[in-house]
Amino acid sequence: MTDKNSPDLCTKCGVCCDGTFFDEAMIQPSDLNPVTEKLDLLRKDGKIKIKLPCSHHINYRCTIYEQRPWVCRAYECKLLKECKQGKVDEGEAIEVINTLKSAVEEIDEILEKAGIPKGRLGVHKRITALEEQSLTEMTLTEYRKANGPLLIKYRLLQKLLTERFGIPFEKKKQP
Ligand code: SF4
Ligand code: SF4
């Protein structure tokens with residue numbers, strides 16, 4: 001979400017805006033202006049959050065870049081930090097980003113075929129939706145068996161997100 005010291009990386013990425021990392025991002029009242037007011041916002045208990053995927057994220061780009069909230073300017077994933085520290089070169093970082101995008105696209109395709117369209121939901125919410133829908137007609141074991149390849153892809157996606165981007169996931173307990 002930021003481009004400080006790494007002008008190209010975030011502009012070639014944008015995955016932290018599309019629900020692949022988080023379902024929402026907290027903003028401050030001082031972020032509100034006629035442009036940011038048009039974001040899809042959740043307001044609860046005095047807190048204001050952007051719903052992700054962000055409604056202003058189009059083709060991996062922020063369409064309100066100059067007016068984006070502070071959190072969007074300040075956020076740095078692990079990969080970006082490592083790139084700025086010189087631990088990872090930009091070419092490798094772009095490869096990792098492209099691997100992530102392809103992994104999400106593959107999962108999107110399977111979910112689409114399973115009747116869970118992308119709409120405005122990130123990948124994690126759609127996997128949960130598939131599980132909830134399936135569990136109304138089969139057991140958890142049957143669900144896991146029927147969706148083995150998808151669940152392996154999803155687990156690998158989580159591993160990639162944790163290892164390269166610093167996004168933690170709790171492993172579900174086996175029944
Ligand atoms: S995921 Fe990381 S590299 Fe990509 S746009 Fe967000 S902060 Fe930048
Ligand atoms: S306002 Fe821009 S930078 Fe912030 S989440 Fe939306 S698309 Fe991303």
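User: How do the residues of the shell around ligand 2 divide into nonpolar, polar and charged?

Analyst: The shell around ligand 2 holds 9 nonpolar, 2 polar and 1 charged residues, where Ala, Val, Leu, Ile, Met, Phe, Trp, Tyr, Cys and Pro count as nonpolar, Asp, Glu, Lys and Arg as charged, and the others, Gly among them, as polar. This is a predicted model, in which local features need pLDDT of at least 70 and side-chain atom pairs count only at pLDDT 80 or more, while totals for chains, interfaces and linings use all residues. Residues are numbered from 1 along each chain as its sequence is written, and chains are lettered from A and ligands numbered from 1 in the order in which they are written.

User: Which residues come nearest to ligand 2, and which are the closest to ligand 1?

Analyst: Of the 12 residues around ligand 2, the nearest are C17, C54, H57, C62 and C72, a residue being near a molecule or strand if its C-beta atom, placed from the backbone, lies within 6 Å of it. Ligand 1 is surrounded by 12 residues, with C10, C13, C16, C77 and L80 the closest, and its shell divides into 10 nonpolar, 1 polar and 1 charged.

User: Why does Q158 count as partly exposed?

Analyst: Q158 has 19 C-beta neighbours inside 10 Å, whereas a buried residue needs 20 or more other C-beta atoms within 10 Å of its own and an exposed one has 12 or fewer, with C-beta atoms placed from the backbone; Q158 therefore falls in between and counts as partly exposed. Q158 is found in helix 6, residues 148-165, helices being DSSP runs of H or I with at least four residues and strands runs of E with at least two, numbered from the N terminus.

User: What makes strand 1 and strand 2 the edge strands?

Analyst: The open sheet is formed by 3 strands in the order 1-3-2, with antiparallel pairing, and two strands pair if DSSP finds at least two bridges between them. Strand 1 (24-27) and strand 2 (41-44) each pair on one side only, and they are the edge strands.

User: How many bridges join strand 2 to strand 3?

Analyst: Strand 2 is joined to strand 3 (residues 47-51) by 4 bridges, and the two run antiparallel; L42 stands opposite K49 in strand 3.

User: Where do the bounds of domain 1 and domain 2 lie?

Analyst: Domain 1 covers 10-76 and domain 2 covers 80-165, with bounds that come from an automatic or database domain assignment. Their centres, taken over C-alpha atoms, are separated by 21 Å.
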